[in-house]
Amino acid sequence: MLYRLNHAGFEAYLVGGGVRDLLLGGQPKDFDIATSAKPEEIKALFRNCRLIGRRFRLAHVRFGREVIEVATFRAHHDADESGADGVIENGLILRDNVYGTRDEDAMRRDFSVNCLYYDVRDFSVIDFAEGMADLEARLIRMIGEPTLRYREDPVRILRAARFAAKLDFTLEQETAAAVELCAGALHDIPPARLFEEVLKLFMTGHASASLTVLRQLDVFKYLFPATDRLIGEHERAAALVEGALRSTDERIAQDKTVTPAFLVAAFLWPVLRVYLGGHEVRDMSTAMAIDHAGSMVIADQIQRVALPKRFTLVAKEIWGLQPALEERRGRRPLKLLNHPRLRAAYDFLLLRAQAGEPVQEHADWWTKFVQSDDSDRQGAVAAAPKHRQRKRRRKKPSAGERANTGTGP
Ligand code: ATP
Ligand code: MG
């Protein structure tokens with residue numbers, strides 16, 4: 001693509017994470033190209049090209065499963081220059097967006113290590129902001145004045161945390177110090193944009209490190225406020241969340257599938273428990289109470305981060321299956337074997353056991369059960385009590401319990 005753009009008479013550079021991660025010896029997640037060609041000119045050069053975006057148009061060029069993002073050089077106009085305050089869209093202050101030169105394009109980028117331009121004509125890297133030195137020193141350094149740059153786009157705070165976590169870099173001192181001054185502005189970022197950042201923070205193999213950095217910067221509260229509070233107060237809540245993040249990272253490292261639903265279930269499980277009055281799962285409720293409380297907890301959370309329904313519904317299923325996994329009445333375990341969420345719910349039970357919840361015995365029972373063959377399973381359920389003394393607990397929550405949890409009808 002770089003060669004073709006060059007041959008057509010345009011400037012074109014590989015930029016962003018593609019250059020940064022290659023220089024670090026890593027595998028880039030995706031490639032971004034910056035060019036002097038205008039969107040229509042890009043489209044004319046590549047067959048599998050789609051133009052996206054309204055205010056600022058980008059080209060997406062598809063190669064098999066890869067999408068390369070091609071952006072025309074853009075100038076960064078600051079308020080003084082344009083005399084106008086800019087339009088707020090998607091939480092970003094967009095001033096009159098105009099195309100710019102390569103050098104202007106470089107100066108609007110966020111961090112020095114993201115501001116390296118690879119030129120395929122002579123295989124050189126143009127370093128506009130001493131990014132090479134920062135790669136060497138393993139520093140995330142904001143280009144320009146950090147408070148100004150965070151105010152322009154507060155999501156840069158989350159990006160700083162993400163790159164520090166992903167690359168195991170340190171935030172340069174001023175870049176870190178300005179976070180505290182500016183973080184409040186994260187309140188005004190649309191929940192949909194925060195969800196995109198949450199995926200990049202927690203679903204790309206460095207979730208555990210992301211949480212550590214976000215908590216050090218005290219900005220995790222802008223994403224999952226209730227979870228943030230509980231992690232600080234309860235060791236078990238912290239252990240559960242940490243365990244979920246570590247297992248997500250391990251699965252990604254092993255190329256196994258991961259779903260945000262499992263993370264949603266883990267992040268909000270401590271919140272759900274508080275909502276239900278802190279009882280053990282078996283005691284606290286029927287599946288209906290979990291369902292109801294789950295809806296309330298999710299409704300609160302999506303004010304901040306727009307978690308799509310397809311994930312929150314699965315999280316609720318995972319929660320809803322926990323009492324069933326702990327009761328194991330009669331032949332129900334056999335039926336559960338065919339439940340599409342059994343695997344996730346069982347993994348979640350293991351996670352709870354590891355976090356110190358008193359469910360180890362149930363976790364062990366299920367581990368044996370899922371691993372054994374059919375006839376062993378028949379034996380296992382025959383040995384289980386037909387009706388344990390749970391009748392009392394299966395009824396709807398009493399008025400007292402409802403008062404306790406604050407979830408009266
Ligand atoms: P990765 O793709 O590995 O997450 P990246 O650095 O490529 O990291 P992208 O979000 O793909 O990040 O963005 C590509 C480049 O665009 C960045 O390297 C940066 O130079 C610039 N950029 C992206 N978002 C912003 C922003 N909010 N403010 C300033 N520059 C940005
Ligand atoms: Mg990228």
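Where is the place of His-206 in this chain? His-206 sits in the loop between α10 (191–202) and α11 (207–216), with helices (H or I, at least four residues) and strands (E, at least two) taken as DSSP runs numbered from the N terminus.

Before going on, some ground rules. This is a predicted model, where local features need pLDDT of at least 70, side-chain atom pairs count only at pLDDT 80 or more, and totals for chains, interfaces and linings use all residues. Residues are numbered from 1 along each chain as its sequence is written, chains are lettered from A and ligands numbered from 1 in the order in which they are written, and side-chain values use heavy atoms, with hydrogens and water left out.

**Around His-206**

His-206 counts as buried because its relative accessibility is 9%. Here buried means under 20% relative accessible area, exposed means over 50%, and partly exposed is in between (1.4 Å probe, protein chains only). Skip the neighbours within four places in sequence, and His-206 is in contact with Arg-162, Ala-165, Lys-166, Lys-200, Leu-201 and Asp-249; contact means heavy atoms within 4.5 Å. Take Arg-162: it is 44 residues from His-206 in sequence, yet the two C-alpha atoms are 8.5 Å apart in space.

| Residue | Relative accessibility | State |
|---|---|---|
| Asp-30 | 28% | partly exposed |
| Arg-138 | 38% | partly exposed |
| Asp-228 | 12% | buried |
| Arg-328 | 12% | buried |

Next, the two arginines. Arg-138 has a positive phi of about 55 degrees although it is not a glycine, and it lies in the loop between α6 (131–137) and β10 (139–140). Arg-328 also has a positive phi, near 55 degrees, and is found in the loop between α17 (309–327) and α18 (332–336).

Asp-228, for its part, lies in helix α12 (residues 225–233). Leaving out neighbours within four places in sequence, Asp-228 touches Arg-215, Phe-220 and Lys-221.

**The cores**

A nonpolar core is a set of buried Ala, Val, Leu, Ile, Met, Phe, Trp, Tyr and Cys residues joined through side-chain atoms within 4.5 Å. The largest one has 90 residues, and Ile-140, Phe-202, Val-219 and Phe-348 touch the most other members. Helix α14 (residues 260–275) supplies the largest share of this core, eleven residues. Domain 1 (1–137) and domain 2 (140–196 + 210–217) each give it at least three residues, with bounds from an automatic or database domain assignment.

Beyond four places in sequence, Val-219 is in contact with Ile-157, Leu-158, Val-179, Ala-183, Leu-186 and Leu-214.

**Helix α20**

Which residues of α20 are buried? They are His-362, Ala-363, Trp-365, Trp-366 and Phe-369. Seen down the axis, these buried residues fall within an arc of 160 degrees, so they line one face of α20; the arc is that of the directions from the helix axis to the C-beta atoms. On the other side, Glu-361, Lys-368 and Gln-371 are exposed.
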